[in-house]
Amino acid sequence: MSAVVGEHHDDHHHGPAKGLTRWIYTTNHKDIGSMYLWFSFIMFLIGGTMALVIRAELFEPGMQIVDPGFFNQMTTMHGLIMVFGAVMPAFVGLANWLIPMMVGAPDMALPRMNNWSFWILPFAFALLLSSLFMEGGAPNFGWTFYAPLSTTYAPPSVTYFIFGVHMMGVSSIMGAINVIATILNLRAPGMTLMKMPLFVWTWLITAFLLIAVMPVLAGVVTMMLMDIHFDTSFFSAAGGGDPVLFQHVFWFFGHPEVYIMILPAFGVASQIIPTFSRKRLFGYPSMVYATASIAILSFVVWAHHMFTVGLPLAGELFFMYATMLIAVPTGVKVFNWVSTMFRGSLTFETPMLFAIAFVILFTIGGFSGLMLAIAPVDFQYHDTYFVVAHFHYVLVPGAIFSIFAAAYYWLPKWTGHMYDEALGKAHFWLSFIGLNLTFFPMHFVGLAGMPRRIPDYAMQFADFNMVSSMGAFLFGTTQLLFLFIVLKCIRGGKKATAQVWEGADGLEWTLPSPAPYHSFSEPPQVK
Amino acid sequence: MLSRRRLIALALPCLAVTEFAHADWQVNMTRGVTDVSESVFNLHMTIFWICVIIGIVVFGVMFWSIFAHRKSKGAKPAQFHESTTVEIIWTIIPFVILIGMAIPATGTLIQMYDTSDSELDIKITGYQWKWKYDYLQEDFGFFSNLSTPQDQIYNRDDKGENYLLEVDEPVVIPVNKKVRFLVTANDVIHSWWVPDLAVKRDAIPGFINEAWAIVKEPGIYRGQCAELCGKDHGFMPIVVKAVSDEEYQEWVLAKQELARQEYELKNKQWSLEELVERGEQVYNKSCAACHQASGEGLPPAFPALKDSAVALGPIENHIDVVVNGVSGTAMQAFGPQLSEVDLAAVITYERNAWGNNKGDMVSPQEIAQSK
Amino acid sequence: MTDDNTHTGQKSNRKVVIWTLGVVVGMFGFGFALVPLYEVFCEITGLNGKTGGRYEVSSTIEVDDTRRIRVQFLTNNNENMPWQFKPVVREIKVHPGEQMKVEFYAKNTTGKIMVAQAVPSISPAEGAEYFHKTECFCFNQQTLQPGEDINMPLIFLVDKNLPDRLHTLTLSYTLFDVTEKTTKTKS
């Protein structure tokens with residue numbers, strides 16, 4: 001980590017402190033942003049290793065490597081770590097690094113809280129991961145932790161899981177409050193809301209989603225805690241509760257949560273595509289409105305995760321129609337990106353490759369999402385590998401590709417050096433091939449009838465599963481290349497100019513590369 | 001089978017398209033054998049092709065830009081970046097397409113929610129990790145357990161054709177009759193899913209859900225539990241056997257006759273050997289998933305029975321544990337699940353297997369008294 | 001970096017923190033408010049097949065002789081509930097509006113005193129709001145001595161506004177063992 005620091009040629013009058021205390025006490029948005037990004041990468045590798053355990057077990061029919069109980073722990077921990085440990089902190093890291101630079105602020109609005117919100121995370125995940133070594137094992141009830149499997153029938157470690165979730169929630173809420181305060185209060189003179197870069201806009205909306213739904217998650221795990229330890233019956237039919245209530249409350253959080261993971265990705269793509277098309281983003285206002293509509297709609301579609309629990313006909317119809325509606329603003333976004341590229345002057349550096357792959361593969365994930373929205377057909381798709389394929393298509397080439405794209409795009413600004421373009425392209429192509437090999441066959445086995453979260457499967461699913469597993473190992477090992485590229489870029493390389501990319505536009509590109517320790521001590525003027 | 005897949009593993013980079021012709025590469029949804037499954041399949045295909053067409057148009061424009069508007073070809077960027085008209089058009093067109101999708105979808109959904117009278121009602125109860133079927137009109141019921149041997153699962157034996165999709169007793173239904181499934185659960189949430197019937201219903205403890213099917217063709221239709229329900233979620237398949245009406249009636253009579261015989265067995269005098277022999281079968285069916293065939297269990301969740309305090313202690317206590325379960329643990333109450341004969345047999349077996357050699361036994365009559 | 005902020009910046013930051021925390025607290029409360037809201041919602045729509053509480057019969061209830069509804073009774077034992085539990089009659093036909101009494105049989109087969117709670121559920125769920133119980137053993141917990149058995153009454157009527165497309169209502173009772181819970185709260 002300290003390698004990042006060493007390369008900051010910083011001549012500002014109060015530069016970073018030296019040694020470990022710098023990282024513990026820091027209130028600097030760049031330091032905290034870097035810590036978030038490294039933390040999320042470590043979690044990405046841990047969660048990825050778990051995914052590889054899963055894929056190794058599923059390589060062939062029969063039980064070979066782990067027992068079914070441990071397999072369930074792996075699927076659960078993989079989901080929790082990727083969602084709360086990899087994707088969300090990575091976007092908070094990007095927000096920390098970029099939002100002050102993009103709005104022309106010296107730092108985040110609440111720097112001390114910023115320090116807190118990061119340092120809670122390692123403890124939350126240490127708590128969660130420690131459950132792997134407890135008697136009875138780690139949480140094994142899926143990342144959606146449906147009651148009563150997660151209450152009456154849970155391993156004792158569920159209490160640690162609940163506290164872990166509480167801590168992550170506190171961290172995300174504090175991060176979101178900070179983003180809101182920064183964007184609302186620290187914009188440079190002349191930077192009106194409708195002049196903000198789209199990454200800032202999408203994060204503002206994401207932050208609102210976070211403060212609205214993370215407390216609901218906290219509420220639902222608190223109810224679980226009370227059911228387990230204080231004899232209440234929120235989710236137990238015996239005491240007048242209802243296990244289905246759990247699903248309603250969980251998905252009231254859960255659906256906005258998936259947009260929390262994708263809206264900032266929309267923002268990243270909306271920054272990168274215009275740069276490498278050398279053309280302004282098409283339909284800026286409609287992009288803002290589309291993002292806001294997606295966020296609002298996300299509050300009224302939750303029960304599409306529950307079509308098979310026995311909703312009445314009217315309920316099924318309402319949630320089906322509402323869910324289908326989301327396709328409209330999402331479509332607008334895709335059309336706008338394509339129109340931005342149309343008649344531009346395109347080059348294909350690594351960030352652009354990741355961004356284009358993001359648009360294409362996310363759209364494929366969107367199509368399968370639309371299919372899943374159709375309630376009667378969902379009776380066949382629900383809880384099969386088709387769903388697994390769908391959400392991995394929106395999360396891996398969606399959220400994670402956009403994070404890679406962002407990393408390559410802003411690395412020169414962060415480190416002052418260009419990354420190795422050839423290696424970056426290799427990373428892209430290997431990831432692209434690995435990802436499609438892994439997740440595309442999952443559509444097929446899902447349609448053919450393979451349920452999700454099973455450690456062993458019938459013979460007819462064998463061939464595609466083998467392909468998936470090989471793709472997963474390709475994708476997984478490729479990510480070590482990314483680590484190498486980033487370290488290499490930090491240690492040296494071609495000096496980056498202030499603007500870095502020919503078509504880049506925005507306040508962060510007016511700062512020198514690497515960006516000074518304090519971004520804008522004098523607020524810039526925005527025309 | 002195995003060697004063929006190994007071959008594919010090696011030859012993957014030059015994977016031939018012809019491979020896809022093989023049945024193992026099923027890429028699409030099951031069309032199924034009911035009117036509902038047929039409409040679901042057609043709806044699925046309609047939506048799929050609409051998505052493909054939209055995809056071709058959108059990606060077509062994109063790939064054209066990638067191909068033609070690249071800087072290396074000397075493309076100069078255009079200046080346009082806004083058009084309210086275009087934005088309105090591509091808001092309205094998708095909206096219209098969505099309405100086009102919603103209409104048939106609503107129709108199929110209404111078809112699924114039909115509540116006209118059924119001719120046969122079967123109550124389906126999900127247990128960790130097996131299904132129970134109760135024929136409400138005929139007044140009998142049975143458990144349906146995975147019948148794939150552990151040796152196949154743990155690769156000590158070649159896997160059979162219906163690996164993991166076979167049960168000891170399928171649920172039998174007549175064709176061309178409306179069968180109503182009333183779905184509930186005994187412990188956690190399960191989900192009863194048979195793709196050929198397009199029926200997937202969550203089984204929720206304390207609540208009852210329903211679904212129905214009119215199967216048009218006799219045959220054997222296989223499915224699986226579709227909601228994570230704990231350790232052996234992947235090992236509780238569903239097999240539906242659809243037969244002609246006469247065959248169904250015969251089966252019902254045979255079933256009722258069997259129940260009567262079973263009842264008589266209760267009054268028979270059993271020897272220790274007979275009980276142990278029967279007990280081993282019962283054990284492997286109902287107990288081995290947790291306590292393992294070797295009796296060694298999977299501690300700490302599933303304790304060993306071999307050399308255990310329960311199996312070697314007083315028999316009254318042993319009976320109590322098996323019949324009434326142990327609350328707060330994974331040990332279920334088997335009293336309502338097994339017959340008196342099976343309970344006596346399995347308890348006797350546990351006391352005399354794996355070197356436990358207690359030499360005592362309990363008769364079905366004694367179980368009946370203690371109940 | 002706070003030293004870079006102006007005094008007014010600090011103040012407006014505090015304002016943002018206060019109202020966002022307000023949203024956070026409000027949404028945490030809303031999460032819990034979903035529980036009673038859901039109850040109400042279920043009772044109105046019959047979502048999930050939940051039936052309402054005790055129904056007060058008005059004296060002027062009319063019986064609809066034109067149709068008969070099949071009411072089917074199911075019993076389930078939840079895990080670790082060893083009692084015998086079954087309906088005395090498996091199904092009956094009733095006119096909407098007509099009051100009916102049926103019984104359920106339960107026997108404590110164990111050697112200890114046990115407390116049970118029966119939980120009702122109706123399928124199809126949309127029929128739940130038309131099924132009224134004027135007397136039900138599920139309103140109370142049942143305590144049985146070792147070996148004791150009991151016939152438990154249910155008096156109900158089907159609302160005459162039941163939609164025409166419904167011909168069958170299935171009432172399912174699941175029996176839960178609540179012995180431990182009750183003793184814990186009493187001690």
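## A first look at chains A, B and C

A:Gly369 counts as buried, with a relative accessibility of 18% (buried means under 20% relative accessible area, exposed over 50%, partly exposed in between, with a 1.4 Å probe and protein chains only). The model here is predicted, so local features need pLDDT of at least 70 and side-chain atom pairs count only at pLDDT 80 or more, while totals for chains, interfaces and linings use all residues. Residues are numbered from 1 along each chain as its sequence is written, chains are lettered from A and ligands numbered from 1 in the order in which they are written, and side-chain values use heavy atoms, with hydrogens and water left out.

**Around A:Gly369**

- Look for A:Gly369 in helix H12 of chain A, which covers residues 350–373 (helices are DSSP runs of H or I with at least four residues, strands are runs of E with at least two, and both are numbered from the N terminus).
- A:Phe234 sits 135 residues from A:Gly369 along the chain, and 31 Å separate their C-alpha atoms.

**Chain A**

- Chain A comes to 16 helices and zero strands.
- With a radius of gyration of 23 Å, close to the 24 Å that the globule rule gives for 527 residues, chain A is as compact as a globular protein of that length (this radius is taken over C-alpha atoms, and the rule is 2.2 Å times the number of residues to the power 0.38).
- The C-alpha trace of chain A spans about 65 × 50 × 45 Å along its principal axes.
- Of its 527 residues, 74% count as buried.
- Take the contacts in chain A between residues at least 6 apart in sequence: 82% of them join residues at least 24 apart (contact means heavy atoms within 4.5 Å).
- Chain A exposes about 14,600 Å², and carbon and sulfur atoms supply 71% of that (areas come from the Shrake-Rupley method with a 1.4 Å probe; for residues, only the protein chains shown count as cover).
- There are 21 positive and 25 negative side chains in chain A, with the centres of the two sets 16 Å apart (Lys and Arg count as positive, Asp and Glu as negative, and His and the chain ends are not counted; the place of a charge is NZ of Lys, CZ of Arg, CG of Asp or CD of Glu).

**Chain B**

- Chain B splits into domain 1 (35–112), domain 2 (120–262) and domain 3 (268–370), with bounds from an automatic or database domain assignment.
- Going by C-alpha atoms, the centres of domain 1 and domain 3 of chain B are 61 Å apart.
- You'll find 11 helices and 10 strands in chain B.
- Its radius of gyration is 28 Å, well over the 21 Å that the globule rule gives for 371 residues, so chain B is more spread out than a compact globule.
- A box of roughly 95 × 50 × 40 Å, taken along the principal axes, is filled by the C-alpha atoms of chain B.
- Buried residues are 53% of the 371 in chain B.
- Chain B has 32 positive and 47 negative charges, and their mean positions are 9 Å apart.

**Chain C**

- Chain C holds two helices and nine strands, running α-β-β-β-β-β-β-β-β-β-α along the sequence.
- Of the 187 residues in chain C, 51% are buried.
- About 8,900 Å² of chain C is accessible surface, 55% of it belonging to carbon and sulfur atoms.
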